[in-house]
Amino acid sequence: MASFPDSVNENDIGKAKFIGELLVPVAPFDQKSGREAWTVAFAPNGSYVAWSQGHRTVRLIPWTKCLKNFSMGHGGEGTNASSPRHLSCQNSNRGQVIPAAGEPREHTIDCGDIVWGLAFGSSVPEKQSRCVNIEWHRFKFGQDQLLLATGLNNGRIKIWDVYTGKLLLNLMDHTDIVRDLTFAPDGSLMLVSASRDKTLRVWDLKDDGNMVKVLRGHHNWVYCSAFSPDCSILCSVGAGKAVFLWNMDKYKLIRKLEGHHNDVVSCEFSPDGALLATASYDTRVIVWDHHKATILLELGHLFPPPSPIFAGGANDRWVRSVSFCPDGRHIASITDDRLVRFWSIEERAPQAIASLSNGLCCAFSAEGSVLAAGTRDGSVHFWECPRSVASLQHMSRMALRRVMTTQQVETLAIPTPLRDYLTYKVI
C-alpha cells in the first residue's frame with residue numbers, strides 16, 4: 001500500500017515550507033489523553049489564532065505576534081526557511097512585553113472541561129436577531145466585538161469575549177460532547193453546534209444565546225458542520241457515511257450526499273460556495289457539486305484505493321481534517337499516515353506535502369497564506385500554502401459562482417466549454 005499512485009513520483013512533489021510551531025511543554029510522565037489539540041481556528045479579521053491545547057485550556061495568541069516570532073512579514077513570507085522558530089506557551093505571561101493600548105493581548109482560558117470545538121464569531125450590527133421580541137437584551141454586540149465559542153466534553157458551550165477573556169454566556173442543552181462549532185459568516189452571530197448526542201443546535205447569540213432550532217436526522221455522532229458563504233446552506237457530517245445538507249432559512253433537510261464508505265469527519269465549503277469538500281476515514285477527500293449532488297473530484301490517500309467493504313475498517317490513512325484555502329484553488333488534508341497534503345483543485349496528486357505526526361485538525365489563516373495544524377500533544381504547526389498567481393478566468397468564475405448556483409449557470413446561453421468551466425466540470 002502506498003500514499004501516492006504509481007503514476008506520481010513522490011520526489012517530484014514539493015515540500016511545504018515549514019515556518020514554525022507553538023509548543024506546549026509537557027512533563028515526561030504526562031502522556032495520558034486530554035492533551036489533544038482537537039481544533040484550531042483563526043479570527044475572521046486575522047487578529048488571533050486559537051487552539052485547544054489540552055487539559056481544559058484554550059490559548060489565544062495575536063497572529064501578528066506569531067508571524068514575528070516565526071521571522072515572517074505580515075505578507076506571510078518567511079525570511080529564514082532553514083530554521084523555523086519555536087514559540088513555547090509555558091509561562092508566556094512572565095517577562096512578556098506589555099502590548100500598547102488597543103493591541104490584541106494573549107489569553108489562556110480555562111474552560112473547566114476538555115475542549116473539543118471552538119469558533120470565532122464577529123458581529124455586524126445591522127444583522128438583526130431572528131427573535132421576534134428584541135425589546136431588551138442583556139448583550140448588545142457592537143461592530144468591534146469578537147467572540148470565541150468553545151464546545152466542551154460535558155455538553156456545554158461557553159462564549160468568551162476574545163479581547164478581555166471574560167465569560168459571557170454558558171449554553172446548556174446538549175447531552176453529550178460538543179464536537180464542533182461554526183458561526184454564520186454574515187456577522188449575525190448565529191451559532192451551530194454539532195454533538196455526539198446526534199443533534200445539531202442553532203443558537204442566536206444576538207438573542208442572548210437562546211436556542212433557535214434543533215436539527216435532527218443523524219443517527220450517530222455528528223463530527224463537524226460548516227456554513228456556505230451566503231449562509232443559506234449548512235453541511236453536517238458524522239458517523240454513518242452520509243453528508244447532510246440543511247436549508248438554514250427553513251431549518252429543513254435538503255438532501256443527503258452518498259459516496260463515502262466510512263465515517264465522515266470534516267467538511268468545508270469553497271470561498272465561492274460552489275464546491276464542498278468532505279474528509280472521511282475511507283481514506284478520501286471528496287469534492288462535491290452540492291447543488292446537484294455530484295462528485296467532481298476524489299483526492300485519494302491510499303493506493304490502490306480500498307474497496308468499499310474494506311474502506312469501512314481501520315487503516316493508517318484515515319483523513320482527519322480538510323480545509324479549503326481562501327484562494328479557492330487549494331485544499332489541505334491531515335491524515336494518519338503522518339503527512340499534511342496541499343492539493344490544487346486542478347490536480348489529482350498533491351502539490352506539496354509535509355511531515356506531521358499525530359495530526360488532528362487544520363485551518364487556513366484568514367488571508368490563506370498559512371496553514372495551521374493541531375496534534376495529539378497539544379501543539380500547533382504552521383506551513384506556507386503553495387503559491388501561484390490565480391488566473392483571471394478563475395477569479396471571474398469565483399465572482400460569478402458567489403451569486404449563482406450550478407442550475408442557474410446551466411441556464412445561461414453560453415458555449416458548453418465555458419459552462420463546464422463555470423460549473424467546475426472542467427477544473
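Reader: Is Asp110 buried, exposed or partly exposed?
Author: Asp110 counts as partly exposed, at 42% relative accessibility. Buried here means under 20% relative accessible area, exposed over 50% and partly exposed in between, with a 1.4 Å probe and protein chains only.

Reader: What kind of model is this, and which atoms go into the side-chain values?
Author: This is a predicted model, where local features need pLDDT of at least 70 and side-chain atom pairs count only at pLDDT 80 or more, while totals for chains, interfaces and linings use all residues. Side-chain values use heavy atoms, with hydrogens and water left out, and residues are numbered from 1 along each chain as its sequence is written.

Reader: OK, back to Asp110. Which side chain does it meet in a salt bridge?
Author: That of Arg56, at 2.9 Å from N to O. A salt bridge is a side-chain nitrogen of Lys or Arg within 4 Å of a carboxyl oxygen of Asp or Glu.

Reader: Why does that pair tie parts together?
Author: Arg56 lies in the loop between strand 4 (48–54) and strand 5 (57–62), and Asp110 in strand 7 (residues 107–110), so the pair links parts that are 54 residues apart in sequence. Strands (E, at least two residues) and helices (H or I, at least four) are DSSP runs, numbered from the N terminus.

Reader: How many salt bridges does the structure hold?
Author: There are 14. One of them joins Asp316 to Arg317, with the closest N and O atoms 2.4 Å apart. Asp316 is partly exposed at 38% relative accessibility, while Arg317 is buried, with a relative accessible area of 7%.

Reader: Which residues are in a network with those two?
Author: Asp337 and Arg341 join Asp316 and Arg317 in one network, through salt bridges that share partners. The side chains of Asp337 and Arg341 meet at 2.6 Å, N to O, and both residues are buried.

Reader: Switching topic: which residues touch the most other members in the largest nonpolar core?
Author: Cys235, Val237, Val243, Leu245, Cys267, Phe269 and Leu276, out of 19 residues in that core. A nonpolar core is a set of buried Ala, Val, Leu, Ile, Met, Phe, Trp, Tyr and Cys residues joined through side-chain atoms within 4.5 Å.

Reader: Which strand gives the most to it?
Author: Strand 20, with 4 residues. A second, separate core has 18 residues, including Ala37 and Trp63.

Reader: And what does Leu245 touch?
Author: Leaving out residues up to four places away in sequence, its contacts (heavy atoms within 4.5 Å) include Ile233, Arg255, Phe269 and His290.
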